[in-house]
Amino acid sequence: MHFTLDETDLHILDLLQEDARLTNKEIAAKLGKSVTSIFERIKRLECEGYIKGYVAILDRKRMGKHVTAFANITLKEHGHDIFLLFESKVNAFPEVMECYKINGPYDYLLKVMVADLEEYELFITNKLSRLDAVSRINSLFVIAEPKHETALSLSTGQIIKTTKPGKKDEDKG
């Protein structure tokens with residue numbers, strides 16, 4: 001059963017995106033709600049798939065990943081089975097952080113993180129270019145990262161509707 005998110009749900013999601021270590025008690029105190037209702041709402045948000053998981057965001061440079069590259073991939077052929085096989089192979093590479101099937105002159109965009117250019121060259125040479133489906137690889141390297149967000153903006157209301165439109169939020173101010 002799907003439900004419509006209300007303002008409290010959106011506030012809970014915002015708080016958890018800011019700090020996933022908040023306890024139900026801390027969230028309840030911030031929102032002026034009972035701990036039980038917050039617990040039930042979070043469980044419902046998890047069950048409905050709004051919350052996919054909880055992670056620690058690591059500093060990539062401190063973890064030795066100094067190079068971020070975007071690899072544009074063109075496949076030799078197109079077809080459902082070819083796409084699935086390519087995706088399964090790429091998803092197994094630990095260097096690939098994100099994989100997007102895209103439109104335009106390329107078929108896929110991969111976000112790759114490695115220690116240095118030598119490791120990137122080894123990744124391209126020994127892994128990515130050895131996939132049968134790959135026709136061409138075009139690499140772009142990140143030289144600066146002026147913005148990197150992990151939290152979705154929930155204040156726009158573009159996708160999510162509230163159940164109580166026009167109700168003033170007493171917690172803002």
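Reader: Leaving aside neighbours within four places in sequence, which residues is Thr 8 in contact with?
Author: This is a predicted model. Thr 8 is found in helix α1, residues 7-18. Set aside the neighbours within four places in sequence, and its contacts are Leu 31, Lys 33 and Arg 41.

Reader: Is Thr 8 buried or exposed?
Author: The relative accessible area of Thr 8 is 12%. The cut-off for buried is under 20%. So Thr 8 is buried.

Reader: Helices α2 and α3 come within 8 Å of each other, axis to axis. How are they oriented to each other, roughly parallel or roughly perpendicular?
Author: Two packed helices are described by the angle between their axes and the distance between the axes. Helix α2 covers residues 24-31 and helix α3 residues 35-47, and their axes cross at roughly 110°. Angles of 65 to 115 degrees count as roughly perpendicular. The two helices are therefore roughly perpendicular.

Reader: Which residues of α3 make the contact with α2?
Author: The crossing of α2 past α3 is right-handed. From α2 come Asn 24, Lys 25, Ile 27, Ala 28 and Leu 31. From α3 come Val 35, Ile 38, Phe 39 and Ile 42.

Reader: Is Met 63 buried or exposed?
Author: Met 63 lies in the loop between α3 and β1. Its relative accessible area is 53%. Exposed starts over 50%. So Met 63 is exposed.

Reader: How far apart in space are Met 63 and Val 114?
Author: In sequence, 51 residues separate Met 63 and Val 114. In space, C-alpha to C-alpha, the distance is 10.0 Å.

Reader: Which residue of β4 is the bridge partner of Leu 75?
Author: Strand β1 holds residues 67-75, and seven bridges pair it with β4 in the antiparallel sense. In β4, the partner of Leu 75 is Val 134.

Reader: Which residue of β3 does Cys 99 stand opposite?
Author: β2 and β3 pair over five bridges in the antiparallel sense. β1 and β3 also run antiparallel, joined by seven bridges. There, Ala 71 has Leu 110 as its bridge partner. Cys 99 also stands opposite Leu 110.

Reader: How many residues of β3 are buried?
Author: β3 has seven residues and is mostly covered. The buried ones number six.

Reader: Which residue takes a positive phi in the hairpin of β2 and β3?
Author: Six residues lie between the strands of this hairpin. One of them has a phi near 105°, and that residue is Gly 104.

Reader: How many residues apart in sequence are the parts that Phe 93 and Phe 123 tie together?
Author: These two buried residues form an edge-to-face pair, 5.7 Å centre to centre with 90° between the planes. Phe 93 lies in the loop between α4 and β2, and Phe 123 in helix α5. So the pair ties together parts that are 30 residues apart.

Reader: Why is the pair of Tyr 120 and Phe 141 edge-to-face?
Author: The ring centres are 5.1 Å apart, and the planes stand at 75°. Planes over 60 degrees apart count as edge-to-face. So the pair of Tyr 120 and Phe 141 is edge-to-face.

Reader: Which residues form the aromatic cluster?
Author: The structure holds five aromatic pairs. Tyr 120 is buried at 4% relative accessibility, and Phe 141 is partly exposed at 40%. One cluster is formed by Phe 93, Tyr 120, Phe 123 and Phe 141.

Technical notes: Residues are numbered from 1 along each chain as its sequence is written. This is a predicted model: local features need pLDDT of at least 70, side-chain atom pairs count only at pLDDT 80 or more; totals for chains, interfaces and linings use all residues. Side-chain values use heavy atoms; hydrogens and water are left out. Two strands pair if DSSP finds at least two bridges between them. Helices (H or I, at least four residues) and strands (E, at least two) are DSSP runs, numbered from the N terminus. Rings of Phe, Tyr and Trp (its six-membered ring) pair if their centres lie within 6.5 Å; planes under 30 degrees apart count as stacked, over 60 as edge-to-face and the rest as tilted. Buried means under 20% relative accessible area, exposed over 50%, partly exposed in between (1.4 Å probe, protein chains only). Axes are lines fitted to C-alpha atoms, for helices over the stretch in contact, and angles run from 0 to 180 degrees between N-to-C directions. Angles under 35 degrees count as roughly parallel, over 145 as roughly antiparallel, 65 to 115 as roughly perpendicular and the rest as oblique. A crossing is left-handed if the near helix is turned anticlockwise from the far one by less than a right angle, and right-handed if clockwise. Contact means heavy atoms within 4.5 Å.
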